[in-house]
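Please read it alongside the structure shown here.

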Amino acid sequence: MIDHKNYINRELSWLDFNDRILSEAKDTSIKLFERLKFLSITSSNLDEFFMVRVASLKDQVNAGYKGVDIAGLTASEQIEKILDFTHDFTDRQYSTYNRSLVPSLKAKGLKIIAHHEELNEEQSEYVDRYFQTDVFPVLTPMAVDSSRPFPLIRNKYLNIGALLADKKKKNTIDFATVQVPSGLPRVVTVPTDEDNCTTVIMLEQIIEKNISKLFLNYKVICATPYRVMRNADLPFDEDEAADLLVEIEKQLKRRQWGEPIRLEVESGINKQLLKLLKRELPINDDSVFRIKGPLDLTFLMKVYSMEGFDDLKDKPFVPQTPKYLNPEKDLFEQIQEHDILLHHPYESFDPVVAFIRKASSDPQVLAIKQTLYRVSKDSPIIASLAAAAENGKQVSVLVELKARFDEENNIVWAKKLEEAGCHVIYGLVGLKTHSKITLVVRREEDGIRRYVHLGTGNYNDSTAKLYTDMGIFTSKRAFGEDATAVFNMLSGYSEPVAWNRLTLAPQWLRDKFLFLIERERANAVKGRPAHIIAKMNSLCDREIIDALYAASSAGVKIDLIVRGICCLKAGVKGLSENISVRSIVGTYLEHARIFYFENNNAPEIYMGSADWMPRNLDKRVEILFPVEDDRLKDEVKKILDIQLSDIKKAHFMGPDGKYSKSDMRGKKTIGAQETFEKMALEAGKAKKS
């Protein structure tokens with residue numbers, strides 16, 4: 001019988017993670033513009049959370065599902081708690097924006113005009129001209145009356161709703177709406193008389209100021225920005241879909257019109273206008289968020305990009321050449337000589353891009369095979385794969401079309417690769433392919449040799465500068481044989497009888513982790529050294545959590561570095577008193593998955609693409625790979641030890657499941673990400689000297 005008090009609800013745990021990001025936005029020791037980025041991230045995170053997680057819970061409620069989650073909560077109870085938390089969280093977001101960030105920006109020479117009524121005469125004339133020349137031609141005002149029904153309001157788009165009085169008809173009030181054009185800059189610079197000051201205003205304020213020009217025969221009673229979040233899950237039966245690509249393309253169009261989940265309006269909205277929006281969308285009052293400031297704080301990323309404020313931003317870090325790589329030597333020769341460890345973004349992602357590019361033109365290369373989950377908009381890897389096919393090489397690419405919110409991008413790339421002559425696989429029915437693996441098959445003097453890259457992160461050269469990830473190049477025969485088996489399984493449903501080094505989900509990965517945890521537990525019972533260090537994004541699998549509880553009770557020391565969701569409770573007497581949980585929130589998004597098992601003084605280290613979540617272990621194609629080279633094992637263990645010594649950016653979970661930062665008074669403040677930057681720079685200098 002499950003004891004629900006031993007677990008934390010997944011959704012509330014995620015909200016706590018977003019709260020930790022908000023704490024960075026509040027931290028005055030961080031440079032001002034970096035704080036803007038953190039606040040922007042909390043907003044984009046919340047959008048996705050509602051579109052996917054809250055939407056899923058609403059689907060359960062609508063279907064009459066009465067089951068409970070790991071923490072004993074029904075879907076409706078979870079929604080109630082989520083909304084309570086999120087209303088409070090939104091208030092704190094905007095308190096941070098209004099009371100801390102806006103005044104600080106003004107003091108540093110950037111004034112954000114909150115409302116168009118604050119404009120002086122010169123500024124007012126300027127925005128009116130700007131509206132007439134740049135904005136007015138783009139707008140499409142939509143009135144609602146007996147002959148024109150309420151329009152479909154697109155997901156996430158900013159709109160302005162207005163109540164209008166017909167000048168010719170007394171006692172008649174109509175509704176109209178206009179979408180704020182996403183193709184125009186939302187942050188508009190206006191003239192200012194103040195020295196060393198830049199003044200900006202939001203595009204919606206310019207439209208609101210001039211909205212009467214859109215409805216010349218009407219008197220505008222009120223006008224207010226609003227924004228709706230919709231259910232953005234893509235429901236379809238893969239077994240019934242004859243062509244997965246076509247089916248996903250159809251579903252993407254429906255995403256814009258899913259069930260309304262959340263409505264954002266300005267706090268001073270006219271009551272009659274709000275009542276109309278709630279009725280027409282339709283949406284309950286508890287899902288209406290009255291915002292004390294500009295809707296959709298992701299615009300702060302645009303503010304961050306403004307020129308002239310470099311002193312308020314962190315100096316950009318330039319990724320260094322990987323420690324175990326010599327840029328002057330042939331890449332294939334170096335991989336033959338020894339495995340190469342990569343630690344992004346401290347070490348450059350360029351060698352991975354170069355690996356594919358070199359293979360695409362190398363006359364000795366016969367085949368390239370790769371899995372792609374998320375790639376950049378102008379991906380050099382895609383270009384190299386296409387070039388390889390055009391150069392006559394056999395190129396097989398699994399493009400995961402079901403990568404949420406990257407479906408459209410991946411469809412474009414899949415078509416481009418097919419046109420170039422690549423063999424493209426659109427994922428597997430019922431499973432997302434989340435593994436990160438590349439295989440290059442090369443003819444050499446001593447026969448065929450296989451070169452393999454395995455990673456914890458996506459083949460995305462853009463996010464590789466923002467996410468912390470690990471990767472390995474190897475040409476070891478056992479890894480090459482396994483890589484071939486992986487691609488044969490993905491393309492031809494051929495499962496090997498046995499594997500050499502790799503462990504795959506959904507078939508074997510869960511059992512592998514449970515075996516490794518149980519081995520530590522058994523060693524502890526026998527009085528042998530036992531220690532587990534696990535770094536991941538999320539931990540919410542009950543079977544894994546129960547195995548960790550059992551290991552802790554047997555005396556295994558367990559250090560968990562979990563960025564986001566963690567349904568396990570740490571430090572609870574008699575249950576998890578030997579378990580610590582920390583979450584590191586810093587400049588880079590912690591994304592690597594690393595697993596250390598002491599194994600009675602014979603440590604084993606693994607890295608991979610999977611978190612300890614049911615979806616990763618049971619519903620995705622994931623790969624776990626060992627780090628075998630002793631030098632590289634020492635390096636990875638050092639990385640874990642530095643993360644465990646972080647008291648600057650780490651938030652520590654208490655027995656109640658709540659997080660707090662360490663009291664740093666009198667202590668040497670160590671930040672893991674800063675340390676890794678310094679280490680990479682020192683290694684780079686050593687290479688040059």
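The largest cavity is lined by 15 residues, and those nearest its centre are His-344, Phe-349, Gly-457, Asn-458 and Asp-469. The model is predicted, so local features need pLDDT of at least 70 and side-chain atom pairs count only at pLDDT 80 or more, while totals for chains, interfaces and linings use all residues. Residues are numbered from 1 along each chain as its sequence is written, and side-chain values use heavy atoms, with hydrogens and water left out.

**Cavities**

- On a 1 Å grid over the protein atoms alone, a cavity is a set of points where a 1.4 Å probe fits but cannot get out, and lining residues have an atom within 4 Å of a point.
- The count comes to 4 cavities of 30 Å³ or more.
- The largest cavity holds about 110 Å³ of space, where a volume is the space filled by probe spheres set on the points, and grid points are joined across faces, edges and corners.
- β16 (447-455) and β17 (467-474) each supply at least two residues of the lining of the largest cavity, and β17 gives the largest share, 3 residues.
- The lining of the largest cavity divides into 5 nonpolar, 9 polar and 1 charged; Ala, Val, Leu, Ile, Met, Phe, Trp, Tyr, Cys and Pro count as nonpolar, Asp, Glu, Lys and Arg as charged, and the others, Gly among them, as polar.
- The second largest cavity holds about 50 Å³, and its lining has 3 nonpolar, 2 polar and 4 charged residues.
- Residues lining the second largest cavity include Asp-47, Arg-262, Glu-264 and Asp-296.
- α2 (32-62), α3 and β8 (260-266) each give two or more residues to the lining of the second largest cavity, with the largest share, 3 residues, from α2.

**Second largest pocket**

- A pocket is an open set of points with protein on both sides within 12 Å along at least five of seven lines.
- The second largest pocket has a volume of about 280 Å³.
- Of its 21 lining residues, Ala-114, His-115, Gln-205, Glu-266 and Gly-293 are the closest to the centre of the second largest pocket.
- This lining divides into 10 nonpolar, 7 polar and 4 charged residues.

**Aromatic pairs**

- There are 22 aromatic pairs, meaning rings of Phe, Tyr and Trp (its six-membered ring) with centres within 6.5 Å; planes under 30 degrees apart count as stacked, over 60 as edge-to-face and the rest as tilted.
- Phe-85 and Phe-89 are stacked because their ring centres are 6.2 Å apart and their planes lie at 20°.
- Both Phe-85 and Phe-89 lie in helix α3, 4 residues apart, about one turn of the helix.
- Tyr-97 and Phe-299 are edge-to-face, with ring centres 6.3 Å apart and planes at 80°.
- Tyr-97 lies in helix α3 and Phe-299 in the loop between β9 (288-291) and α8 (300-304), so the pair ties together parts that are 202 residues apart in sequence.

**Cysteines**

- The count comes to 0 disulfides, a disulfide being a pair of cysteine sulfur atoms within 2.5 Å.
- The sulfur of Cys-567 is 4.9 Å from the closest cysteine sulfur, in Cys-540, which is too far for a bond.
- Cys-567 counts as buried at 1% relative accessibility (buried means under 20% relative accessible area, exposed over 50%, partly exposed in between; 1.4 Å probe, protein chains only).

**Helix α12**

- Helices (H or I, at least four residues) and strands (E, at least two) are DSSP runs, numbered from the N terminus.
- Buried residues of α12 include Glu-407, Trp-413 and Leu-417.
- Gly-421, which follows α12, has a positive phi, near 105°.
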